Amino acid sequence: MNNLDKFNRLVDALQDLPTIGKKSATRLAYFMVMDDSYVGLKISHAIEDALGSLKKCTKCGGMSEDELCAICCDERRDDTLLCIVENAKDILLLEENGLFDGRYFVLEALDEFSISHLVEVANNGITEVVFAITPSIANDALILYIEDKLSALDISFTKIAQGVPTGVSLENIDLLSLTRALEDRVRV
């Protein structure tokens with residue numbers, strides 16, 4: 001029997017990706033190796049380029065190829081609105097659909113550095129903080145904590161409203177529900 005260790009390692013690597021099971025990983029690996037090796041090479045080069053050049057924006061925490069992302073450099077954005085999201089992927093979702101025209105802040109970790117950076121960002125003319133985070137009891141506590149840390153500033157707080165069920169991440173929400181949730185955000 002032929003040795004397929006390299007093929008099996010490729011299948012295993014693909015299986016490490018979210019939502020990819022053994023069957024899908026095997027189909028993808030077979031396609032890249034046997035049906036269209038150009039696609040496999042194109043993917044491998046794109047991954048290598050992305051890993052070598054993408055980093056976090058030093059201001060908002062979003063994805064960037066430079067120190068500051070295109071959103072933080074865009075002077076047409078509303079500097080009075082700050083949308084707090086859980087990860088950079090959420091920014092991509094909101095931007096892809098043109099749902100928000102303010103600034104962003106990715107709150108991946110609740111540590112002293114992140115909070116002090118958030119206070120610094122909010123202290124630069126922000127009048128409204130929009131929480132676009134997955135509704136949950138833990139995140140409600142997070143919202144209260146952040147409100148407390150920003151209480152010295154004259155800022156109103158809102159969170160995305162209807163259409164976002166508790167415990168469901170933004171990437172799993174349909175566009176209409178997400179649009180309405182942002183448009184109908186409520187005071188916190």
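Phe-131 is buried, with a relative accessibility of 1%; buried means under 20% relative accessible area, exposed over 50% and partly exposed in between, computed with a 1.4 Å probe on protein chains only. The model is predicted: local features need pLDDT of at least 70, side-chain atom pairs count only at pLDDT 80 or more, and totals for chains, interfaces and linings use all residues. Residues are numbered from 1 along each chain as its sequence is written, and side-chain values use heavy atoms, with hydrogens and water left out.

Rings of Phe, Tyr and Trp (its six-membered ring) pair if their centres lie within 6.5 Å; planes under 30 degrees apart count as stacked, over 60 as edge-to-face and the rest as tilted. This rule gives 2 aromatic pairs. In one of them, the rings of Phe-131 and Phe-157 have centres 6.2 Å apart and planes at 25°, so the pair is stacked. Phe-131 lies in strand β5 (residues 128-131) and Phe-157 in strand β6 (residues 156-159), 26 residues apart. Phe-157 is also buried, at 10% relative accessible area.

The rings of Phe-100 and Tyr-104 have centres 5.3 Å apart and planes at 55°, so that pair is tilted. Phe-100 and Tyr-104 are both buried.

## Strands β5 and β6

Helices (H or I, at least four residues) and strands (E, at least two) are DSSP runs, numbered from the N terminus. Strands pair if DSSP finds at least two bridges between them; β5 and β6 do so in the parallel sense over 4 bridges. Glu-128 stands opposite Ser-156 in β6.

With helix α7 (residues 137-149), β5 and β6 make a right-handed β-α-β unit. Right-handed means that, with the strands pointing away from the viewer, the path from the first strand over the helix to the second runs clockwise.

## Nonpolar cores

A nonpolar core is a set of buried Ala, Val, Leu, Ile, Met, Phe, Trp, Tyr and Cys residues joined through side-chain atoms within 4.5 Å. The largest has 23 residues, and Cys-83, Val-85, Ile-91, Leu-94, Tyr-104 and Leu-178 have the most contacts inside it. Two or more residues each come from α4 (70-73), β3 (81-85), α5 (88-96), β4 (103-106) and α8 (175-183). A second, separate core of 18 residues includes Ile-84, Ile-126, Leu-142 and Ile-155.

Leaving out residues up to four places away in sequence, Leu-94 touches Cys-83, Val-85, Leu-99, Phe-100, Tyr-104, Leu-178 and Leu-182, where contact means heavy atoms within 4.5 Å.

## Thr-19

Most residues other than glycine have a negative phi. Thr-19, not a glycine, has a positive phi of about 70°. Thr-19 sits in the loop between α1 (5-15) and α2 (22-35) and is exposed, at 81% relative accessibility.
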